[in-house]
Amino acid sequence: MTERILGLDITKKRIGWALIEHNPKDTSENLIVDCGGFDFNAGEIPKTGESPNKPRRDARLARRTIKKKRKRKAAMRSLFVEYDLLNKDIDFEVFISQNISPWHLRAKALGELLDGEELARILYHIGGKRGYQFTRAEEIDMHDGESGKIKEAGRALVSAIEESSSKTVGEYLAKLDRKRNTHIAVVDKKGKTSKEATYDRSTPRWLLKQEIDVIFTTQQSLGSKITTNELKKEFKDLAFFMPDPQSTERLLGKCTFFPNETRAVKASLDAEEFVALTRFINCVLEMSGTGIEKKITELMPLDELMTMAKEKASISHSDIRKRLSLGDEWIFKGVKYDTKTKKASKKAAIAKTGLFNEEPEDEIVLDYKYEKKALVEMKAYHTLKNALMDDFKAIEGVYNDVAFVLTVERGENSIKTRLQKLGLKESIIEKLIEKADPKIFKETINLSHKALDVVLPKMREGMRYDQSVLELGVTTFDKSHFLPALINTNIEVNNPIVLRVVAKLRTIVNEVIRFHGSFHKVHIELGSDMNTNAEKKMIDAAQREREAQKNIAKTKIKELFGEKINHENRRNIEKMMLFTQQNEMDLYTGKKFEIERLYEDGYAAVDYILPRSRSFDETFGNKVLTFAEQKIDKEDKTPFEWLGDNSDKWESFKSLVSSPMFFAKLGRGKVNRLLKENFNDQSAADAASKRLEKSRQYAARVIKQLFEDYLDMPKSPLGGKIQVFTRNAWLTAELRRQWIGFETYQEHADRISVLNAILVAFSTEHMIKNLTQHFKWKETKWTKEWLQSKRDKGEEAVSWEKEKKRFDKPYPEFKTDAIKLLQYDRSEYDRNGVLRKRLLIAKTPRKSTTGPAHDAGVSSIKGFGENAKGVVVRDGTALAAHKSIFRLDVFKNGKKNAFIPIYIADTKKPLSDVALIDSRGNTDVVSGEEFKFTLYRNDLIGIMQKGNMRIGYYTSFNRATLALDIIADTPLTIGGGTAEIVKYTVDPLGFYYPVKSEPRMPTLKQKRK
């Protein structure tokens, strides 16, 4: 009797799957039923993680900006003619190319009378530059990157103008040799030179408006008749016009629990109260070194805390400490604590001893600076309250509506129009527009006001969010024989990576069910690349820091031991890093290590704080350096289980580890491991789950819930209530090493996800127990007698680490069967008895046209004539090189193949009928009857080569040689001029069959009828 298990190895680009039959009591019944992989586009640029369409989007924005600038300049020329500053017949290009500098004229305008042409020249110069002015939307990120630098440079420019006693920015810049921003050479610490942009000439738009006012006022005082107020107003309206950005209301998401309700904005009073209550309810105090915890809501009522939040703009942990009069023994869980040196007080020493014979020692204490960071901030509430003062009562009845308008609207005119409809006075509206910081009034929460109306009353009573949300009565769905789309579930997913993966997972799982029928259990492993960009940056930063520590350790080993000790050995480096981190001290005994004996056999050893046999935690944070004898005595226990029976030893150990000096160097995580008193089975499970990065843990939770709540899986004939299991990658790696071997793994590295899926499917709870016993054996094997026998034989004491218990394979022929199934392509009979060809990895063709249409660099089209090859830009005056071919149309021209490569730029044109027919660049006109098929990247094709049909996924085309690049079991380049080419369709399980015919699709978008 066997059970069917589906094993899944999931990354953000590929899903490996394997279906097995398994009987733990009779290995002869174990069998790999089927396996495969499903590749899909990750939807991002691999190096940057950005959308592939970003370059194209940026280029489109630049084109629109240039177009608007041309229209604005043309309108200014018409305005000058209308107000008789210029003659309508004047050659404007000649006019603006006069030798006289507009900067000179801008300075001259402050003391001398101008004629019409001079005034026009000044206004055209100012209108062409315009200066910078951030919209409300741009103000949100003005402190970041380039925007922040421009803003800071603008402030510096204003100060410089004031110090120089210049009346206008034009007069100030006229005195300087350099009028524009430029690039300067910057030399870094390694001596590398790079160019860095300067922003010291960045001019705020209000400075230019002010200059126009000054010029017109001065000219009017000098008797000018042309500097009228009407001209000034019309010019300002034209030159500095900025349309209101579009409202973001249409982009707001829907409530998690009420799909027809729009989410509440973060700035609404309900949303801010919801966040504040959540923070207060979840805020926990812990007594350092004891494990005693208390919630702050046990010491202070929630309504008092909320009153504090409405009275004070920012409530910090430090404020809570003062309000509750907490002693130094209490710290806030989740807050980082550094250490600082507290100077010894002579006065205190004299008071204590009555004498002062020697200098008292300085004291190392915890630094509470991070407690000053905000715990709760009702920013929007206090912003509006401070802006309106006595008028605040006027918006109390429509507060949430006001917050909504200020969040979704980005333009002053649109804000004013919508606030007027709420019945607010003009004076109040002006204050709101002026004071409402766009950095505060942005984004939404996942809940609507309808959901908050149910949740908030319960949270005000002290109930956690996850408890109070049950009051919403979440709708349930019936289970199905197939995985449903997320839209048909109650699972809320906001992470785009997880959304894409779940959609592809649904495709492959449902295909497996259709082909093989249902299964009893699912085993899931998630790859490490499931992290978001933000999490990747955090992980990369941590890795860089750890790498720096490793390099320091390497250098130290080399300096102290020379060639006697291998400074590249991972274990040697780890010992030195721990030695340094622990201030050269054994934490278990408090004794100092002798540095010269550090690598002596049987002297010092690396110990796992929480036994690896129970935690499976091999991270640096779970390791300490201790004397070998202490490691032997500790065996597979936690520090508390080892020392806890002796109260004096345990208290001494706690005092040492929790002292500020070690607390700061070891970090909270390691200290908590060292002092953990209740490491039971649940604690071990929690420790394992925390090692998953946030996105992986989130994705695992979503996928697990999807299977458990929505897929109707039959009960296993072998029993057991749990049907969905998540596996740790560490376990898979160990099974891969033992069951497959390193050489075989290297040979099939490109199919690793499929191999992992097979291993995950066969991994059982019993195997995990075996691994636990294996590590326990390793942790207890190292007895004093065994250690002495190693010394007597002259062997290294660490050699036991290389001894591995062999874990039984699922069945004797497992490796042979797995390797056979990992073949790139094979033929097999389907369930109807039909022999079909099949690939191990199925891929989805990439038909999207995202990305730039051409290279950024352009050259003049003159001289190319009819031979111009590329994309014609700039109204036919310039030529840019094509980007990669996104589509290849294949024709049969006599006995040869003919190709029409189509680039992204060609999607705006009608289909071409001029095809390449040979590698010399000759072309011929082809007809629709000669059309064979269209190839996109990752389309499966077969090319006849030396009598053999080579099957592979199409990747690119070389128009110079007419060769096609494909990826089969190895990458291949095959000439396509005369070869027979066949296109295939591939289903998610890898079965493929030839395409008999297909229509040639147009490139232009078809209009709806």
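**Rings, charges and a helix pair**

The charged end of Arg 836 sits over the ring of Phe 991, 4.3 Å from its centre; for this, NZ of Lys or CZ of Arg has to be within 6 Å of the ring centre and within 35 degrees of the ring normal. The model is a predicted one, where local features need pLDDT of at least 70 and side-chain atom pairs count only at pLDDT 80 or more, while totals for chains, interfaces and linings use all residues. Residues are numbered from 1 along each chain as its sequence is written, and side-chain values use heavy atoms, with hydrogens and water left out.

Rings of Phe, Tyr and Trp (its six-membered ring) pair if their centres lie within 6.5 Å, with planes under 30 degrees apart called stacked, over 60 edge-to-face and the rest tilted. Tyr 381 belongs to helix α14 (residues 379-388) and Phe 392 to the loop between α14 and α15 (399-408), so the pair ties together parts eleven residues apart in sequence. Helices (H or I, at least four residues) and strands (E, at least two) are DSSP runs, numbered from the N terminus. Both Tyr 381 and Phe 392 are buried, meaning under 20% relative accessible area, against over 50% for exposed and in between for partly exposed (1.4 Å probe, protein chains only).

Phe 891 and Phe 931 make another edge-to-face pair, 5.4 Å centre to centre with 70° between the planes. Since Phe 891 is in strand β23 (residues 885-893) and Phe 931 in strand β27 (residues 931-935), the pair ties together parts 40 residues apart in sequence. In total, the structure holds 25 aromatic pairs, and one aromatic cluster is formed by Tyr 588, Phe 640, Trp 642, Trp 650 and Phe 653.

Then there is Lys 521, found in strand β13 (residues 521-526). With 12% relative accessibility, Lys 521 counts as buried. Leaving aside neighbours within four places in sequence, Lys 521 is in contact (heavy atoms within 4.5 Å) with residues including Glu 3, Arg 4, Ser 716 and Phe 725. The C-alpha atoms of Lys 521 and Ser 716 are separated by 7.5 Å, although the two are 195 residues apart along the chain.
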